[in-house]
Amino acid sequence: MAIDEMSSSRVGYGYDVHPLVAGRALILGGVRITHELGLQGYSDADVLAHAVADAILGAAALGDLGGRFPTSDPQWRDADSLRMLAECAGAVREVGWDLANVDAVLVAQRPRLGGFVEAMRENLARALFVPVIAVSVKVKSPEGLGFEGEEKGMSARAVALLER
C-alpha cells in the first residue's frame, strides 16, 4: 500500500533565506515595506512566501520552489512570490491534499515587522485559498545574533499540515 493510501495527513517544513541589499524592494508576505534595504533574489525574494511554498510542496512530496520556478527560466525574473505560492497551492490541491494550516516564523533584526503581520496573514491566506485563521505568522528578532542580527539577510521557516 502506498503512503498516499495510508495517510490522511502530512506535515511539511520550509526554510528560505535571502541577503539584504540596497536598491531592492522589501516584500514580505506580499507586503511592500519601506526600508533602506530589500531582499536579493531572482523573483521578488519574498522569503516568507518562499518558506511557506516549500512547506506545502514538501508535505505533498512535490519537490521545492526552485524546481518549480528555476532561475534559468526568464519568466520568473522579479516574479510575484504570492503568485508562485498560489500555483504551488493549486498543485497541492490537484494531487488531493487540502491545507489545514501553516505556521511561519520570519527572522529579521530591522525593520520591526509586528505591525505588518495581519496583512501578511491575509495575503498568504488568499494565495493559499484558505481562511486567515489557518495562517499563522510570527516575527522574531535575532537580538543582534547571526547573519539576520547583523542585518546581512532575513530568513523564514514554516510548517504546513495537509489533510485528505
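## What counts as a salt bridge

A salt bridge here is a side-chain nitrogen of Lys or Arg within 4 Å of a carboxyl oxygen of Asp or Glu. By this rule, the count comes to seven salt bridges.

The model you are looking at is predicted, so local features need pLDDT of at least 70 and side-chain atom pairs count only at pLDDT 80 or more, while totals for chains, interfaces and linings use all residues. Residues are numbered from 1 along each chain as its sequence is written, and side-chain values use heavy atoms, leaving out hydrogens and water.

Let's start with Arg-110. The side chains of Glu-151 and Arg-110 meet in a salt bridge, at 2.9 Å from N to O. This pair links distant parts of the chain: Glu-151 is in the loop between α6 (146-149) and β7, Arg-110 is in the loop between β5 and α5, and they are 41 residues apart. (Helices are DSSP runs of H or I with at least four residues, strands are DSSP runs of E with at least two, and both are numbered from the N terminus.)

Arg-110 also forms a salt bridge with Glu-36, where the closest N and O atoms are 2.3 Å apart. Glu-36 is in the loop between β3 (31-33) and β4, 74 residues apart from Arg-110. Together, Glu-36, Arg-110 and Glu-151 are linked in a network of salt bridges.

How open are these residues? Arg-110 is partly exposed, with a relative accessible area of 35%. Glu-36 is partly exposed at 49%, and Glu-151 is partly exposed at 24%. (Buried means under 20% relative accessible area, exposed over 50%, and partly exposed in between, using a 1.4 Å probe and protein chains only.)

Asp-78 forms a salt bridge with Arg-24, with the closest N and O atoms 3.2 Å apart. Asp-78 is in the loop between α3 (65-68) and α4 (81-94), Arg-24 is in the loop between β1 and β2 (26-28), and the two are 54 residues apart. Arg-24 is partly exposed, with a relative accessible area of 23%.

## The sheet

Now look for the open sheet, where five strands come in the order β4-β1-β7-β5-β6 with mixed pairing. (Two strands pair if DSSP finds at least two bridges between them.) The edge strands are β4 (38-39) and β6 (135-140), each pairing on one side only.

Strand β1 (residues 9-21) and β4 pair in the antiparallel sense over two bridges. Val-21 stands opposite Gly-38 in β4.
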